[in-house]
Amino acid sequence: MKIYYVNSQGEKLDLITYPYLMLTDTDLFDYTWNNTTKGTVRPRISSFSRSMVTKKFSIRVKGTSEENYRYNIEYLTSFFDADVSKMSPGRLYVDSYYLDCYVYASSKPNKYLEVLNTTVDFNLISPDGSWKTSNIFHYGTRQDKIDGNTGQSATNMLDYPYDYIYDYTNSITYRSINNDGYADSDFEIIIYGKCENPIISIGDWNYGVNDVELLTGEKLVINSVNKKVYKVKNNGDIINLFNNRFRDFYAFKKIPVGINVVGWNGAYSFDVELFENRSEPKWT
């Protein structure tokens, strides 16, 4: 198991390697959902939510000398405080899962300076208390070269109750995407130019834009978490394309659980990143 913290400056701190050791006595993996009810005569649960979750954990800090020990304990405090001072959360990682958080408080024993090791207790606060991870799926020319796959026609494969931008009597490239979580996933789709008006079907839904041209090297980003659609130009400029989103389908509908067919016209490459949120990390 790997346990480490990445602060808002992108610096990584291993928490299970000398001189730091996170102890197992923690409530990091406990959770509670808050519920909202409706009705008085026959009350019923209408929703669940979770916000501003606090957790506790402890780290054993050691040093080879008193000077080295003091440096290690001061460095640990500075590492966490960087996020608080910048008002930008860090990430506590357990293997591939992370918790967005601030480490905002610590407590120490009365005698902790004139020693070579001690246990420091910390408190963190997370906006939603969710452990997150993501999986990236690659499609198009670049991945076809890796897989040795040139794509297939979807004419006899796709039969949906919706009308699609594509004419499926023509040759359409298709693949699949597997959301192996237990809930529909937020996503980020990145489409790489050169192309015009790219549309991608995932399951029974379409994602894309109208009246947009991407030059070679440019990319289009659709992010369901931030509800943003934008183009990144070759010089780094960002162009807001929210008003160009494909309106026949809700632009930010989450990707359903399970295996979904992915279809597009094969003229460009794109990536789909699925974001998974869990109440505790997946242990297998």
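This is a predicted model: local features need pLDDT of at least 70, side-chain atom pairs count only at pLDDT 80 or more; totals for chains, interfaces and linings use all residues.
**Entry 1: the cavity**

I began with the largest cavity and listed its lining: N135, N178, N179, D180, G181, S185, L274, F275 and E276. I noted that β11 (173-179) and β21 are the elements that give two or more residues to this lining. The largest share, three residues, comes from β21. I sorted the lining of the largest cavity by class and got two nonpolar, five polar and two charged residues. For the volume of the largest cavity I wrote down about 60 Å³. How many cavities of 30 Å³ or more does the structure hold? I found one.

**Entry 2: the pocket**

Next I looked up the largest pocket, where the space comes to about 510 Å³. I counted 23 residues in its lining. Which of them lie nearest the centre of the pocket? My list reads K132, D186, F275, E276 and N277. I then checked the elements: β8 (97-107) and β21 (269-278) each supply at least two residues of the lining. As the source of four residues, β21 has the largest share of the pocket lining. By class, I noted ten charged, seven polar and six nonpolar residues around the largest pocket. I also noted that F275 and E276 are on the list for the cavity lining, and that both are on the list for the pocket centre.

**Entry 3: the whole chain**

I stepped back to the chain. Its secondary structure comes to 21 strands and two helices. The chain has 284 residues, and 41% of them count as buried. I looked at contacts with a separation of 6 or more, and 67% of these are between residues 24 or more positions apart.

**Entry 4: a hairpin**

I followed strand β4 (residues 34-38) to strand β5 (residues 44-49). The two run antiparallel and are joined by five bridges. Which residue of β5 is the bridge partner of N34? I found S49. Between the two strands of this hairpin there are five residues, and G39 takes a positive phi near 90 degrees.

**Entry 5: backbone angles in loops**

I looked up the peptide bond from Y18 to P19 and noted that it is cis, with omega near 10 degrees. P19 sits in the loop between β2 (12-14) and β3 (20-22).

I turned to M52, in the loop between β5 and β6 (53-62). Its phi is near 50 degrees, which is positive in a residue other than glycine. Is M52 buried or exposed? I put it down as exposed, because its relative accessibility is 53% and the cut-off for exposed is over 50%.

I found D95 in the loop between β7 (90-94) and β8. D95 is not a glycine, yet it has a positive phi of about 55 degrees. With a relative accessible area of 37%, D95 is partly exposed.

**Entry 6: cysteines**

I searched the whole structure for disulfides and found zero.

Terms used
Residues are numbered from 1 along each chain as its sequence is written. Side-chain values use heavy atoms; hydrogens and water are left out. Two strands pair if DSSP finds at least two bridges between them. On a 1 Å grid over the protein atoms alone, a cavity is a set of points where a 1.4 Å probe fits but cannot get out, and a pocket is an open set with protein on both sides within 12 Å along at least five of seven lines; lining residues have an atom within 4 Å of a point. Grid points are joined across faces, edges and corners, and a volume is the space filled by probe spheres set on the points. Ala, Val, Leu, Ile, Met, Phe, Trp, Tyr, Cys and Pro count as nonpolar, Asp, Glu, Lys and Arg as charged, and the others, Gly among them, as polar. Buried means under 20% relative accessible area, exposed over 50%, partly exposed in between (1.4 Å probe, protein chains only). A disulfide is a pair of cysteine sulfur atoms within 2.5 Å. Contact means heavy atoms within 4.5 Å.
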